Amino acid sequence: MHAPLPFFVSSTDPPAKQSILLSAMDLFASRGVDGVTVRDIAARSGYSNPALFKHFSTKEDLARSLFEACYRRLAATVMTPSADLRSAITGALVLIETSPDAIHFVLENLRRYWRDLPGDARALGLPGAVRRLVETAQARGEVRAGVDANLAAALILGLVAQIARMAHFEELPRRPSELTADILDLIERGLGG
């Protein structure tokens, strides 16, 4: 039986495209987009360069496509209507556990690809969403009133980015979901009301 496909690969995609997406994600997350060639992706996927170009016009097109799919998923996890700061962080950690490479890739490439997203995806701004969650937590007394919400959002996104990087490179002592209580405790002690 095959392992389930990660969220950024569709079961309706042809096998070549699936393999290209999986290979590109692993390489991009490990070496960065600039450290990967089309030949690297083709060799890893077991398909030729022309097979890649059948589905994507350039390596950058492939990277942007992966970025958009991963960004949308992460943003949707953080921005669920019922999300509060704790549930958003917990959801992000679960997503890191299931797809550490994807979350590491998106958080490492926000500056590079965010402006290329379609308008509806840019409306899902992660820093702004986390800032709003911090402001809501401040109103509830869960985060100190004097804490700058933008700085707190940057701190939280930076922490999540490092957890994703460590998960991708298998440097965590436990699964991300097993670290949830410790991570929330650190954030609450640093920002607590």
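Phe28 is buried, with a relative accessible area of 2%; buried means under 20% relative accessible area, exposed means over 50%, and partly exposed lies in between, with a 1.4 Å probe and protein chains only. The structure is a predicted model, in which local features need pLDDT of at least 70 and side-chain atom pairs count only at pLDDT 80 or more, while totals for chains, interfaces and linings use all residues. Residues are numbered from 1 along each chain as its sequence is written, and side-chain values use heavy atoms, with hydrogens and water left out.

Leaving aside neighbours within four places in sequence, Phe28 is in contact with Val33, Val36, Ile41, Lys59, Leu62, Ala63, Leu66 and Phe105. Contact here means heavy atoms within 4.5 Å.

The structure holds five aromatic pairs. Rings of Phe, Tyr and Trp (for Trp, its six-membered ring) pair if their centres lie within 6.5 Å; planes under 30 degrees apart count as stacked, over 60 as edge-to-face, and the rest as tilted. Two of the pairs involve Phe105:

| Pair | Centre to centre | Angle between planes | Type |
|---|---|---|---|
| Phe28 and Phe105 | 5.9 Å | 20° | stacked |
| Phe67 and Phe105 | 6.4 Å | 75° | edge-to-face |

Helices (H or I, at least four residues) are DSSP runs, numbered from the N terminus. Phe105 counts as buried, at 1% relative accessibility. Because Phe67 lies in helix α4 (residues 59-78) and Phe105 in helix α6, their pair ties together parts that are 38 residues apart in sequence. Phe67 is also buried, with a relative accessible area of 0%. One aromatic cluster is formed by Phe28, Phe67, Tyr71, Phe105 and Tyr113.

The largest nonpolar core has 65 residues, and those with the most contacts inside it are Phe28, Ile41, Leu62, Leu66, Leu74, Phe105 and Ile156. Helix α10 (residues 149-168) gives the most to this core, with 10 residues. A nonpolar core is a set of buried Ala, Val, Leu, Ile, Met, Phe, Trp, Tyr and Cys residues joined through side-chain atoms within 4.5 Å.

His168 lies in helix α10 and counts as buried at 13% relative accessibility. Not counting residues up to four places away in sequence, His168 touches Asp26, Ala29, Ser30, Pro100, Asp101 and His104.

Note on methods
Helices (H or I, at least four residues) and strands (E, at least two) are DSSP runs, numbered from the N terminus.
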